[in-house]
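Me: Could you walk me through this structure with a few questions and answers?

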Amino acid sequence: MALRNDQYNRISRDYDRRRFENKHNMDLRREEIYAAIPELTEIDNAIVSASMAYARELIYNNSDSLEELQAHNESLALRKKQLLTKHGYPADYLEPVYSCPDCQDTGYVNGKKCHCFKQAIVDLVYAQSNIKAITERENFSHFSYDYYSDDYVEESTGLTPCGNIHRIVKSCRSFIEEFDTSYQNLFIYGNTGVGKTFLLNCIAKELLDSAHSVLYFTAPRFFEILSRSTFGRSYEEALSEEQYYYIYNCDLLIIDDLGTELNNSFVSSQLYQCINERHLNQRSTVISTNLSWNDLTANYSERIFSRITSEFTILKITGDDIRLKKGIAR
């Protein structure tokens, strides 16, 4: 994902903080050791003097002196480690301390983002996604086909619910795998309790874990945010500028349970605007709903219906209410 300036600055400030804290810890260690082993102060001063002499000889390209100075420094470094271990300290106790030794807390290795920088991006987009906690439980690792019957064929799909969900999961995995190379949208519908939200969370986690920005909203919450932003109600609770920006620009926008919001002309216009703008910018959107196909055409404008049918992959989940099978409310 491409970082905005404020996001990049936020991560950079964290690296500055790490370096400051680690330098402070290193200074405390040095003070401790110098007090416990005074000879080490003399050795470190000698290493500094020898290093400065080494630099001068390097300028004049005196190879004989360079080899001699290098050997002298190596001897001092060895003596330093011997003193540390003799007094019960690790040999590397005075080596620089890094949170990430690979990049030495710079965030980059050979001009490329270090794995720790990439993880910082993942952590950032997770914090913005609204669904970090739930994706720890609802993901492909915990997805079960056991809740989908293989005993009958659903007329609308020509498959058993189990065969159908296998097909849908395969489509969702393809959506994830091709996310960076192929612009796609998904429209997932079916009766209450067939696992639509669980599947949305599976998709979200896979993309969040690969450092893509994902925003998840239930339909009522999504339209409430747009309403407050548009009409300026409840300023204290209004959507932040950053969150509003991401509704239109995040890598993946998820709108869950479309149809559970209070439908009116404002909702229809905002939904179309969002879908259309994201389509023009080639930003993927995933929508789920309990509405039947007929209800969808009746409740939303022809423009929305046309955009969904032409730009979204339509996936219908069939089967019984999983929550009833589990015997618990979800």
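Here are some questions, each followed by its reply.

Me: How is the chain numbered, and what is the mean pLDDT of the protein chain?
Reply: Residues are numbered from 1 along each chain as its sequence is written. This is a predicted model, so local features need pLDDT of at least 70 and side-chain atom pairs count only at pLDDT 80 or more, while totals for chains, interfaces and linings use all residues, and side-chain values use heavy atoms, with hydrogens and water left out. pLDDT is the predictor's confidence in each residue, from 0 to 100. In the protein chain 86% of residues reach 70 or more, and the mean is 85.

Me: Which element has the lowest mean pLDDT?
Reply: Helices (H or I, at least four residues) and strands (E, at least two) are DSSP runs, numbered from the N terminus. Strand β6 (residues 284-289) has the highest mean, 98, and the lowest, 72, belongs to helix α9 (residues 241-249).

Me: How many residues of α7 are buried?
Reply: Buried means under 20% relative accessible area, exposed over 50%, partly exposed in between (1.4 Å probe, protein chains only). Among the buried residues of α7 are Phe198, Cys202 and Leu208. The helix is mostly covered, and the count is 12 of 14.

Me: How far is the nearest cysteine sulfur from that of Cys116?
Reply: A disulfide is a pair of cysteine sulfur atoms within 2.5 Å. The structure holds zero disulfides. Cys116 is in none, and the nearest cysteine sulfur, that of Cys103, lies at 3.5 Å.
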